[in-house]
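Me: I'd like to go through this model with you. Can you take my questions one at a time?

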Amino acid sequence: MSLLARLAPHLPYVRRYARALTGDQTTGDNYVRVALEALAAGERQLPADMTPRVALYHVFHAIWVSTGARLEDGSGLDGGDDASRRLMRIAPRSRQAFLLTALEGFTPSEAAQVLGSDAHDVERLIGEAQAEIDAELATDVLIIEDEAIISADIESLVTELGHRVTGIATTHDEAVDAVARHRPGLVLADIQLADGSSGIDAVKDILKRVDVPVIFITAFPERLLTGERPEPTFLITKPFQPETVKAAISQALFFHPSRQAAGV
């Protein structure tokens, strides 16, 4: 089996992870590109004692470490904006351990392989990251979801995390009207709504009015991670785990540039 064939099923997810890690689509995609180029050129090898998915993330991290969290063109983390400063307040390995387990679904042992560490150290890093991220949270949340049970589950979880649910919309028009009445600090959006409209279209209309972080909810994340732009930086896959929701919300709020300006 060719290298591309072995890695292809995992590329959408390592790209999602890279974007969540850096808080920026371009920066994240560039890191993945550099990792793939290194593999293609024979500069890096997939460790034989790891599954292809774990090995791909391992190579990605080797690139991250070797470049010192910077790319050749100086973009991304060196921009000096609010997202970059917030990013640098959390140690890279803590941020990585948190995302690998909570967002990407790796076990602590698998995350340890990715990071070249051990499971105990990964658990410690996760705790450190969560403590720092929690200090940045607490905002008003709009939920766009047409399934009552799912929206209730999300509302309960969001409330447990210390946020305030200020609206639940089941259609495109309800979502846009909700934002007009009260500006949220975060939007959680399904992609298929009760009136047959698209949650993606609702979000596009919302973003024309306000600059707010958005997390999409879908049973088919690969449909939104096609390599075409624009793509969502943050996704929750149905059926979701509470830890996955918590990780995505933390990262979306932590990295979004408007958060500090809005006083959230």
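Me: Where does the charged end of R53 sit?
Reply: Over the ring of F106, 4.0 Å from the ring centre. The rule for a charge over a ring: NZ of Lys or CZ of Arg within 6 Å of the ring centre and within 35 degrees of the ring normal.

Me: What are we working with, and how are residues numbered?
Reply: This is a predicted model, numbered from 1 along each chain as its sequence is written. Local features need pLDDT of at least 70, side-chain atom pairs count only at pLDDT 80 or more, totals for chains, interfaces and linings use all residues, and side-chain values use heavy atoms, with hydrogens and water left out.

Me: Back to F106. Which ring does F106 pair with, and why is the pair edge-to-face?
Reply: Y57. The centres are 4.8 Å apart and the planes are at 80°, so the pair is edge-to-face. For Phe, Tyr and Trp (its six-membered ring), centres within 6.5 Å make a pair; planes under 30 degrees apart are stacked, over 60 edge-to-face, the rest tilted.

Me: Where do Y57 and F106 lie in the chain?
Reply: Y57 is in helix α4, and F106 is in the loop between α6 (92-102) and α7 (108-115). Helices (H or I, at least four residues) and strands (E, at least two) are DSSP runs, numbered from the N terminus.

Me: Are Y57 and F106 buried or exposed?
Reply: Both Y57 and F106 are buried. Buried means under 20% relative accessible area, exposed over 50%, partly exposed in between (1.4 Å probe, protein chains only).

Me: How many aromatic pairs does the structure hold?
Reply: Five. One of them is Y31 with W64, a tilted pair at 5.0 Å centre to centre and 40° between the planes. Y31 is in helix α3 (residues 25-40) and W64 in helix α4 (residues 52-66), 33 residues apart.

Me: And what is the relative accessibility of Y31?
Reply: It is 1%, so Y31 counts as buried. W64 is buried too, with a relative accessible area of 4%.

Me: Which residues form the aromatic cluster?
Reply: Y17, Y31, Y57, F60, W64 and F106 form one cluster.

Me: Now helix packing. How do α2 and α4 cross?
Reply: The axes of α2 (residues 11-22) and α4 come within 11 Å and cross at roughly 35°. Axes are lines fitted to C-alpha atoms, for helices over the stretch in contact; angles run from 0 to 180 degrees between N-to-C directions.

Me: Which residues meet there?
Reply: From α2, L11, Y13, V14, Y17, A18, L21 and T22; from α4, L56, Y57, F60, H61 and W64. Contact means heavy atoms within 4.5 Å.

Me: Changing topic: where is I217?
Reply: In strand β4 (residues 214-218). I217 counts as buried, at 1% relative accessibility.

Me: What does I217 touch?
Reply: I154, L188, A189, D190, I191, I236 and K238, not counting residues up to four places away in sequence.

Me: And R33, where is that?
Reply: In helix α3. R33 is partly exposed, with a relative accessible area of 36%. The C-alpha atoms of R33 and F60 are separated by 9.3 Å, 27 residues apart along the chain.

Me: Last one. How many helices and strands does the protein chain have?
Reply: 13 helices and five strands. Of the 264 residues, 52% count as buried.
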